[in-house]
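Please read it alongside the sequence and the 3D view.

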Amino acid sequence: MSEIKVTGQKRLVIVSGRAHPQLAIDIAAHLETDVVHTDARTFANGEIYARYDESVRGADVFVIQSHTYPINEWLMEQLIMVDALKRASVKRITVVAPFYPYARQDKKGRGREPISARLVADLYKAAGADRIMSVDLHAAQIQGFFDGPVDHLFAMPVLLEHFQQLDNSTLTVVSPDMGRVRVADIWSDKLDAPLAIIHKRRDPLVPNQVSVHEIVGQVNGRVCLIVDDLIDTGRTIVKAAQALKDAGATKVIVAATHAVFSDPATELLQSDFIDSVVVTDTLPIPEEKRFPSLVVLPIAPLIARAIYEVFDDGSVTSMFDGAA
Ligand code: R5P
């Protein structure tokens, strides 16, 4: 009997949900490919349908979705896209969720609470995802919620490159809470600037509310750079910025990876306490949410490189050597 031989050519396929198509287009452009078109629709009753316009059999597929508002709809769309890929005989499915949905619900703070970040990982698994790629997870331990490889990317090199070009002689890096100290410490090393920490307290019964308690570190007469993973309503950041200005900071600059920008973020971020805001485009930022002191840095080159490393069985870790 003659042997059957196949020439095993790997095929990389990028598909995208409807939340932030430009990000997928930018990523694909960096990979010198196109986004394979998905016929995605929402029926009158809210149900979502997705079908790929071309064969994806045997492909290494990366399903990009940006979990902006309405987040549940975009999550469901991505799950349906994964399901369609599983049934279309792809070789491997990687969920690319630059802003991991429900990441802030990563533990039980009080009795009878859900761990929704774990539920999301289970949903991805059940739909057929083989691996997950995300940027600046709210808590690194979310990696352990998914039973499979998780590529945890860091936006720090992208943001750092921006700040390394500026005059940082009077800069102090500020961690907006105790949870961010480790990351802020790396920033302070990289920018050769001292570190300050804000001690804040939340009311567990009121979402998106925070009160600043005290600042540890030298901020008087300094340009303060607050580094956070995300800005949602902007309340945390504006409270921190106000405390810093009250303590004598000459300027307050904010760097954050994920611009969630739920109302009233755009208004709050333009307050006198904040001089500029630097974010990446892991989430779409519509024109009406942009403002003059906002700088948006592209995340596509970083994600594209990570996708290539995964596809090519290379090293994602090598991208961040020493960065985090
Ligand atoms: C908190 O732990 C997060 O890192 C953010 O600081 C927070 O979730 C941002 O929310 P908001 O902008 O609504 O204050």
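**Ligand site and nonpolar core**

Classified by residue type, the shell around the ligand holds eight charged, five polar and two nonpolar residues. The model is predicted.

**Composition of the shell**
- Around the ligand there are 15 residues, of which Asp-228, Asp-229, Thr-233, Gly-234 and Thr-236 come nearest.
- Three elements, β9 (195-202), β11 (223-231) and α6 (235-246), each supply at least two residues of the shell.
- With four residues, β11 provides the largest share of the shell around the ligand.

**Polar contacts and burial of the ligand**
- The side chain of Thr-236 places a polar atom 2.4 Å from an oxygen atom of the ligand.
- For Asp-228, an N or O atom of the side chain is 2.6 Å from an oxygen atom of the ligand.
- Arg-104 has a polar side-chain atom that lies 3.1 Å from a ligand oxygen atom.
- The ligand taken alone exposes 380 Å², and the protein buries 94% of that area.

**Largest nonpolar core**
- The largest nonpolar core comprises 44 residues, and those that touch the most other members are Ile-27, Leu-153, Trp-187, Leu-191, Leu-225, Ile-303 and Ile-307.
- Helix α8 (residues 300-311) contributes eight residues, the largest share of this core.
- Domain 1 (4-154 + 301-318) and domain 2 (156-298) each give at least three residues to this core.
- In soluble globular proteins, nonpolar side chains tend to be buried together.

Technical notes. Residues numbered from 1 in each chain as written. Predicted model: local features only at pLDDT ≥ 70, side-chain atom pairs only at ≥ 80, totals over all residues. Heavy atoms only, no water. Near = heavy atom within 4 Å. Polar contact = N/O pair within 3.5 Å; in protein donor to acceptor, adjacent residues only side chain to side chain. Areas by Shrake-Rupley, 256 points an atom, 1.4 Å probe, with all protein chains shown as cover. Nonpolar A, V, L, I, M, F, W, Y, C, P; charged D, E, K, R; others polar. Core = buried A, V, L, I, M, F, W, Y, C linked by side-chain atoms within 4.5 Å. Buried < 20%, exposed > 50% of the residue type's maximum accessible area, 1.4 Å probe, protein only. Domains from an automatic or database assignment.
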